[in-house]
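Welcome! Have a look at the chain first, then try each task before reading its solution.

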Amino acid sequence: MSILLLGGSPQLPSSSSRLLLHIGEQLALQGHSYAKLHVRDLPARALLLADYDDAAIARAVRAVADADAIVIATPIYKASYTGLLKAFLDLLPQDGLAGKLVLPLATGGGHAHTLALDYALRPVLHALGAKQVFTSIYANAQQLAWHEEGGLSLDAPIADRVQAGIEELSTGLFVLQGQRPPAPAEIPHPVRSLQDQPYAPHYQAA
């Protein structure tokens, strides 16, 4: 079953995109495949004008339709998700997330925006017909650290929340597929993460 990593940050790399790809990598270790879509890589004019005839827009909308699960990440600006992400979500049909599992992520400068995902983004995901929206994961700048050699590291509290989100989504996907989720001992643990070059402006399978 396939997962789409949907990034709504206007900047790459960014804290939200690094967290998004970290989670994708962990899901891949559990046997799931994923593709990546950063909204900022879509043609701006076609995005803002909702030009469904544009080939890149059509491919992006189709990528959402083809996915079984969406991991969606955004920075929080002015107590909400980005306008860039909203412009893309507005392109989806009314039932654009029907039958899909969704894991929402957000990053911000401090704890003040912790509930922004639940108040701003979650209602939109439900309105688009998501089968299940898992517990939101919010991380502030102090909880994420990027090292050129070691990749992304998370402090203990956010690492626990991220792992719980990964397990919930992975289990949900196995259930949808009619399979038994693997026991924890069967899942390999990486030494470190994100040693590839994850920010190419095209969809890339795991």
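The exercises below go from the whole chain to single residues, and the model they use is a predicted one.

**Exercise 1. The overall layout**

Task: Find how many helices and strands the chain has, and in what pattern they follow each other.

Solution: 
- Step 1. Count the elements: there are six helices and eight strands.
- Step 2. Read along the sequence, and the pattern is β-α-β-α-α-β-α-β-α-β-β-β-β-α.
- Step 3. Look at how the chain folds back on itself: among contacts with a separation of 6 or more, 80% are between residues 24 or more positions apart.
- Step 4. Of the 206 residues, 46% count as buried, and the accessible surface is about 9800 Å², with 54% of it belonging to carbon and sulfur atoms.

**Exercise 2. A residue in a strand**

Task: Decide whether threonine 107 is buried or exposed, and list what it contacts.

Solution: 
- Step 1. Locate threonine 107: it sits in strand S4 (residues 101-108).
- Step 2. Its relative accessible area is 7%. Buried means under 20%, so threonine 107 is buried.
- Step 3. Setting aside neighbours within four places in sequence, threonine 107 is in contact with Ser15, Ser16, Leu19, Thr74, Pro75, Ile76, Tyr138, Ala139 and Leu144.

**Exercise 3. The salt bridges**

Task: Find how many salt bridges the whole structure holds, then describe each pair.

Solution: 
- Step 1. Recall that side chains of opposite charge can pair when their charged atoms come close.
- Step 2. A search of the whole structure gives three salt bridges.
- Step 3. In one of them, aspartate 41 pairs with arginine 40, with the closest N and O atoms 3.8 Å apart. Aspartate 41 is partly exposed at 30% relative accessibility, and arginine 40 is partly exposed at 37%.
- Step 4. Another joins aspartate 90 and lysine 86, at 2.9 Å from N to O. Aspartate 90 has a relative accessible area of 48% and is partly exposed; lysine 86, at 40%, is partly exposed too.
- Step 5. The remaining pair is arginine 122 with aspartate 118, at 3.0 Å from N to O. Both residues lie in helix H5, four residues apart, or about one turn of the helix.
- Step 6. Compare these partners with the cut-off: buried means under 20%. Arginine 122, at 18% relative accessibility, therefore counts as buried, whereas aspartate 118, at 33%, counts as partly exposed.

Methods. Residues are numbered from 1 along each chain as its sequence is written. This is a predicted model: local features need pLDDT of at least 70, side-chain atom pairs count only at pLDDT 80 or more; totals for chains, interfaces and linings use all residues. Side-chain values use heavy atoms; hydrogens and water are left out. Helices (H or I, at least four residues) and strands (E, at least two) are DSSP runs, numbered from the N terminus. Buried means under 20% relative accessible area, exposed over 50%, partly exposed in between (1.4 Å probe, protein chains only). Contact means heavy atoms within 4.5 Å. A salt bridge is a side-chain nitrogen of Lys or Arg within 4 Å of a carboxyl oxygen of Asp or Glu. Accessible areas come from the Shrake-Rupley method with a 1.4 Å probe; for residues, only the protein chains shown count as cover.
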